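Please examine the sequence and the three-dimensional model shown here. The explanation that follows begins with a single residue and its surroundings and then widens to the whole chain.

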Amino acid sequence: MSVSHLLIVCWAALTLLSTGTVALGRVAGTELISIAILTVAVTKAWLIADGFMELRHAPRLWRGLVLSWAVLLAVLIASALLSGT
């Protein structure tokens, strides 16, 4: 797959995921919906890192740092939402 085709596929996936986030946000705000939105956000971060930033070919350290940052933020936000603070 050429780079331009890969970017188009990434862009289309990000568009669908963004639309899904908006659709999930319109549903009544339960903890499960919040976790689903955070999961979509982490998936979008993965697509951005691997697709647009092209970190899939980068050293493992850099790729791991970028991807783990999104997961860490999602875990912190989820724990704050679930604890009620």
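Aspartate 50 touches Leu55, Arg56 and Arg63 when residues up to four places away in sequence are not counted; contact here means heavy atoms within 4.5 Å. The model is a predicted one, in which local features need pLDDT of at least 70 and side-chain atom pairs count only at pLDDT 80 or more, whereas totals for chains, interfaces and linings use all residues. Residues are numbered from 1 along each chain as its sequence is written, and side-chain values use heavy atoms, with hydrogens and water left out.

Aspartate 50 lies in helix 2. Helices (H or I, at least four residues) and strands (E, at least two) are DSSP runs, numbered from the N terminus. With a relative accessible area of 8%, aspartate 50 is buried; the term buried denotes under 20% relative accessible area, exposed over 50%, and partly exposed the range in between, computed with a 1.4 Å probe on protein chains only.

Which residue forms a salt bridge with aspartate 50? The partner is arginine 63, and the closest N and O atoms are 2.6 Å apart. A salt bridge is defined as a side-chain nitrogen of Lys or Arg within 4 Å of a carboxyl oxygen of Asp or Glu. Aspartate 50 belongs to helix 2 (residues 31-52) and arginine 63 to helix 3 (residues 60-83), so the pair ties together parts that are 13 residues apart in sequence. Side chains of opposite charge can pair when their charged atoms come close. The structure holds one salt bridge. Arginine 63, with a relative accessible area of 28%, is partly exposed.

The side chain of aspartate 50 also takes part in polar contacts. One of 2.8 Å joins it to the side chain of tryptophan 46, and another, of 2.6 Å, is made with the side chain of arginine 63. A polar contact is a pair of N or O atoms within 3.5 Å; within protein, one must be able to donate a hydrogen and the other to accept it, and residues adjacent in sequence count only if both atoms are side-chain atoms.

The next topic is the packing of the two helices that carry this pair. Two packed helices are described by the angle between their axes and the distance between the axes. Helix 2 and helix 3 pack at an angle of about 170°, and their axes are 10 Å apart. The axes are lines fitted to C-alpha atoms, for helices over the stretch in contact, and the angles run from 0 to 180 degrees between N-to-C directions. Helix 2 and helix 3 are therefore roughly antiparallel to each other, a description used for angles over 145 degrees, while those under 35 count as roughly parallel, 65 to 115 as roughly perpendicular and the rest as oblique. On the helix 2 side, the residues making the contact include Leu38, Val42, Trp46 and Asp50; on the helix 3 side, they include Arg63, Val66, Ala70 and Leu81. By class, the contact of helix 2 with helix 3 has 15 nonpolar, one polar and three charged residues. In this classification Ala, Val, Leu, Ile, Met, Phe, Trp, Tyr, Cys and Pro count as nonpolar, Asp, Glu, Lys and Arg as charged, and the others, Gly among them, as polar.

Glutamate 54 lies in the loop between helix 2 and helix 3. Its phi is near 55°, a positive value in a residue other than glycine. At 36% relative accessibility, glutamate 54 counts as partly exposed.

Helix 1 (residues 3-26) contains leucine 7, which is partly exposed with a relative accessible area of 28%. Leaving out residues up to four places away in sequence, leucine 7 touches Gly51 and Phe52. Threonine 21 is also placed in helix 1, and at 22% relative accessibility threonine 21 counts as partly exposed. Beyond its neighbours within four places in sequence, threonine 21 is in contact with Ile37, Val40 and Lys44.

In helix 3, leucine 73 is partly exposed, with a relative accessible area of 34%. Leucine 73 and leucine 32 are 41 residues apart in sequence, with 17 Å between their C-alpha atoms.

At the level of the whole protein, there are three helices and zero strands, and the pattern along the sequence reads α-α-α. The C-alpha trace spans about 45 × 30 × 10 Å along its principal axes. Of the 85 residues in the protein, 15% are buried. Among contacts between residues at least 6 apart in sequence, 55% join residues at least 24 apart.
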